[in-house]
Amino acid sequence: MYLFDPEHEDLPANRDADLFLEKQLTRTKGLVYKYPGRAIVLLSYTCAANCRYCERQDRVGVGLDSEGRLQPEEIDAAVSFVAESPEITEVIFSGGDPLTHPVGLDRAWRAMAALPQVAILRIHTRFPLQAPDKVDFDLLEGLAGCDAMPYLSLHIDHPDELTPETEAAIGRLRRMGYVLISQSVFLKGVNDDLDVLDRMFTRLAQLGVCPYYLYHCHPIATTMRFVMTLDEEIELMSRLRERISGVACPQHIFEMRGTTGKLVVPTDHWSVDLTSVCDFTGATQDVRSVAMDVELPTVSLSAPAKTGAQAADGMPDG
Ligand code: SF4
């Protein structure tokens with residue numbers, strides 16, 4: 001999952017790729033404004049992991065660490081953008097992993113929390129799983145005390161990642177007041193098994209981590225060996241829904257490429273035509289070609305509307 005394997009690397013990472021429009025919708029360095037009401041701040045391209053299926057593999061883990069680490073004036077520019085956008089009520093700190101840039105996270109979090117309209121601040125991280133002994137609990141305790149609801153999203157893909165050390169870290173974060181959620185990716189050969197998924201999500205719920213998103217793994221550079229078909233994923237999700245508690249069951253998410261749309265995939269309990277989907281702008285696409293086509297053209301999008309329906313959010317990262 002994390003090691004470069006030349007025998008199975010299918011395509012070189014394309015540094016010009018913009019599969020999910022993050023480059024097109026970057027407003028100040030590191031700040032992506034893609035969906036109404038919430039902004040993503042990519043604080044650092046350095047990550048606790050180096051997932052071969054990372055959708056930001058054109059930036060994360062390819063030697064752009066110093067380029068990706070936001071400087072104080074860049075953080076201040078991101079804060080100014082949010083301050084001038086009163087409809088933004090939630091800011092998501094991601095990367096890479098924002099905990100690799102503690103000074104920047106501290107500066108950005110405190111400044112965002114001081115903005116009157118910002119109600120939720122969220123960290124996306126793999127540190128509690130990848131390196132629980134390296135989690136900066138002092139920093140996180142201080143941030144949790146700021147004037148915004150603190151969320152922390154854990155990226156986890158297998159129940160064996162829930163070691164005693166990781167579970168202890170999760171307990172500390174809960175006691176600090178973080179609302180804990182999880183994000184995962186369907187991965188062939190890793191978690192394409194009902195018992196594995198049951199064990200992972202049931203244990204997360206027992207630990208006080210709400211399973212949030214389980215993503216379809218897109219066939220991007222380096223990921224082909226992990227990619228499952230949407231039908232295989234739907235079969236697993238449907239059987240999972242039948243046997244585990246609703247509080248332990250994540251949403252199965254298909255993220256459209258080349259446009260905006262993070263869509264909840266229906267289970268097979270519904271008779272649904274899955275051949276086409278509609279993105280958040282109303283444009284339809286053939287879902288099978290969207291799921292499997294490696295290269296998609298980038299389309300032009302306008303800025304998120306200042307008002308309007310809220311869309312799904314977040315990233316399978318950090
Ligand atoms: S933890 Fe997230 S940001 Fe880091 S390499 Fe994995 S998918 Fe990418």
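Which residues are linked with Arg 56 in a network of salt bridges?

1. The network of salt bridges joins Glu 22, Lys 23, Arg 56, Asp 58 and Arg 59, a salt bridge being a side-chain nitrogen of Lys or Arg within 4 Å of a carboxyl oxygen of Asp or Glu. Across the whole structure the search finds 19 salt bridges.

2. On provenance, this is a predicted model, in which local features need pLDDT of at least 70 and side-chain atom pairs count only at pLDDT 80 or more, while totals for chains, interfaces and linings use all residues. Residues are numbered from 1 along each chain as its sequence is written, and side-chain values use heavy atoms, with hydrogens and water left out.

3. Arg 56 sits in the loop between strand S3 (38-44) and helix H1 (65-68), and Glu 22 in the segment before strand S1 (26-28), so the pair ties together parts 34 residues apart in sequence; helices (H or I, at least four residues) and strands (E, at least two) are DSSP runs, numbered from the N terminus. Arg 56 is buried at a relative accessible area of 1%, and Glu 22 is likewise buried, at 3%, where buried means under 20% relative accessible area, exposed over 50% and partly exposed in between (1.4 Å probe, protein chains only).

4. A salt bridge with an N to O distance of 3.8 Å is found between Lys 262 and Glu 255. Lys 262 is buried, with a relative accessible area of 2%, and Glu 255 is also buried, at 2%.

5. In helix H8 (residues 230-243), Glu 235 and Arg 239 are four residues apart, and so are separated by about one helical turn; their side chains meet in a salt bridge of 3.1 Å, N to O. Glu 235 is partly exposed at 39% relative accessibility, and Arg 239 is partly exposed at 22%.

6. His 269, in the loop between strand S10 (262-264) and strand S11 (276-278), is partly exposed at 45% relative accessibility. Leaving aside residues up to four places away in sequence, His 269 touches Ser 238, Arg 239 and Glu 242, contact meaning heavy atoms within 4.5 Å. The side chain of His 269 makes a polar contact of 2.8 Å with that of Glu 242 and one of 2.8 Å with that of Thr 267; a polar contact is a pair of N or O atoms within 3.5 Å, where within protein one must be able to donate a hydrogen and the other to accept it, and residues adjacent in sequence count only if both atoms are side-chain atoms.
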